[in-house]
Every structure is written in C-alpha cells, then in structure tokens.
Amino acid sequence: MKKLFALMLTLLLVLPMTGLAADAEWTTYTHPTIPYQISYPADWVLISRETMSQLAESVTAGGVEGIDSAALENYKAQLQVLDMVSFISPTGDVNFNIQYHDLEAVLTVEDLKTGLCPAMAQELLGAFPNATTLVGGEILEAGDNQFAYIAIGYNINGMDAIAMQTYITEGTILYMTTFTVISSLVTDIDAVDATIEAICTSFVPSGK
C-alpha cells in the first residue's frame, strides 16, 4: 500500500501532510450509534454532531488550528444532512470523513470494485473541473480489512489535490471513507503512506 500512495502523490507532484509523524500519539473514535471505530492522530480535530457546539466555541476563541469560521459553517451544513464524522490535520491540508449507508443488500468487495467504484469515480470527476482518474477501481488490503477504492486528482482554488474514497461493507451496511489531500505542501511521502495505511488498518466495522 505504501508504494501505491507514493505513486499517486508522485503522479501529481504532491509534496501535503506536514507534521504526520509515524510515531505520533494516536486516539480511537467510536461512533455513538453506528457500531464502528477508527483510530487517528491525537492532534487532529474531530468534527461530529456531538462535538460541533464545543468546537464552534473554540474556533470563535481562535483555539483551533487549521479551521476557521467559514470552514466550520461548511461542516455544520453537511452535518445537518449527513451523519458524517470528519477528522482534520492540524495544518488543514489533509482530512478524511466517514459516512455510512444501508444498501439493503449484501455486496462483496468485488461487487464494490466492479459496480460502485466506476459510478463513484464518474461522480467525483463531474464534481471537479479538470479532474483526472488516478485509480478507477481497485482492492486495497490494510490489516484485516479489504476495501474497494478510487482516487482522482483535481485542482481547487489554484491548489492541486487528491481525493480517495474507500468502500467496505459489513452485512448490508456500506462504510465510505473519503480522504482529501491538498497536494501543494507535503514534504514527507512516507508519512502520508504510513498515516493513511494506519487509519485504514485501524477501522473496525460493526460485527467484527
């Protein structure tokens, strides 16, 4: 998996995640109503329906690095529609969020690769002008987990970025994780690889 992420970053001349040391302290998040948990660097900011009020007070007081009031309002609007949980690095250059959907059917990772991935790749390509496909649908192994995933490169506000989505099911529940990297600032590709690999490996869906 390391070589894969390094290749994606190299293809876009990505050099973002400053401060993602492999030996950094980590913490584990457990969703209060949907049985899943995931680990992330302890200095990242967690945004959820449960933390929004306290986070808004901290942002107003200038105590949250990497997030301003405008960005927080954007997350707040998303949370009103989706039960989405987001995690943001201290510099704001990388984030990921997790959503879940009940498919009312059981799909294998191969089903996700051949059926869901092409459709989601087209959706992402349509959302960003000048976007290019980096991975159109592959299987990613991280620890005990097998994800189907896609990745695109795009430009937003003059900055290069990568969006990667992973998909994994447990029963009829689909968990979708979107990693976003602003690809103009990173200096340590190995740290990028190690951090994303550790996050994916740590994910524990319901029933496991």
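Which residue takes a positive phi in the hairpin of strand 4 and strand 5? I looked there to start. It is Gly92, with a phi near 80 degrees. Five residues lie between the two strands of this hairpin. I keep in mind that the model is predicted.

**Entry 1: the whole chain**

I went through the elements next. The chain has five helices and nine strands. From the N terminus on, I read them as α-β-β-β-α-α-β-β-α-β-β-β-β-α. Of the 208 residues in the chain, 46% are buried. I also looked up the accessible surface, which comes to about 10,000 Å². Carbon and sulfur atoms hold 52% of that surface.

In what order do the seven strands of the open sheet lie? I traced 3-4-5-9-8-7-6, with antiparallel pairing. Strand 3 (45-47) and strand 6 (132-142) are the edge strands, and each pairs on one side only. The twist averages 20 degrees from one strand to the next. I noted a general point here: strands of a sheet pair through backbone hydrogen bonds.

**Entry 2: strand by strand**

Strand 3 pairs with strand 4 over three bridges, in the antiparallel sense. Leu46 stands opposite Phe87 in strand 4.

I moved on to strand 5. Strand 4 and strand 5 are antiparallel and share four bridges. Here Ser86 stands opposite Asn97 in strand 5.

Then came strand 9. Strand 5 (residues 94-102) and strand 9 (residues 173-182) pair over nine bridges, again antiparallel. Asn97 stands opposite Thr178 in strand 9.

Which residues of strand 4 (residues 85-88) lie on each side? Val85 and Phe87 are on one side, and Ser86 and Ile88 are on the other. All four are buried, and both faces of the strand are covered. In a regular strand, side chains alternate between the two faces of the sheet.

I turned to helix 4 (residues 109-127). Helix 4 packs on the sheet. It touches strand 6, strand 7 (145-156), strand 8 (159-170) and strand 9. Its direction makes about 10 degrees with that of strand 7.

**Entry 3: cysteines**

How many disulfides does the structure hold? I found zero. Cys117 has a relative accessible area of 0%, so it is buried. Cys200 is at 2%, so it counts as buried too. The cut-off for buried is under 20%.

How values were computed: Residues are numbered from 1 along each chain as its sequence is written. This is a predicted model: local features need pLDDT of at least 70, side-chain atom pairs count only at pLDDT 80 or more; totals for chains, interfaces and linings use all residues. Side-chain values use heavy atoms; hydrogens and water are left out. Two strands pair if DSSP finds at least two bridges between them. Axes are lines fitted to C-alpha atoms, for helices over the stretch in contact, and angles run from 0 to 180 degrees between N-to-C directions. Contact means heavy atoms within 4.5 Å. A disulfide is a pair of cysteine sulfur atoms within 2.5 Å. Buried means under 20% relative accessible area, exposed over 50%, partly exposed in between (1.4 Å probe, protein chains only). Accessible areas come from the Shrake-Rupley method with a 1.4 Å probe; for residues, only the protein chains shown count as cover.
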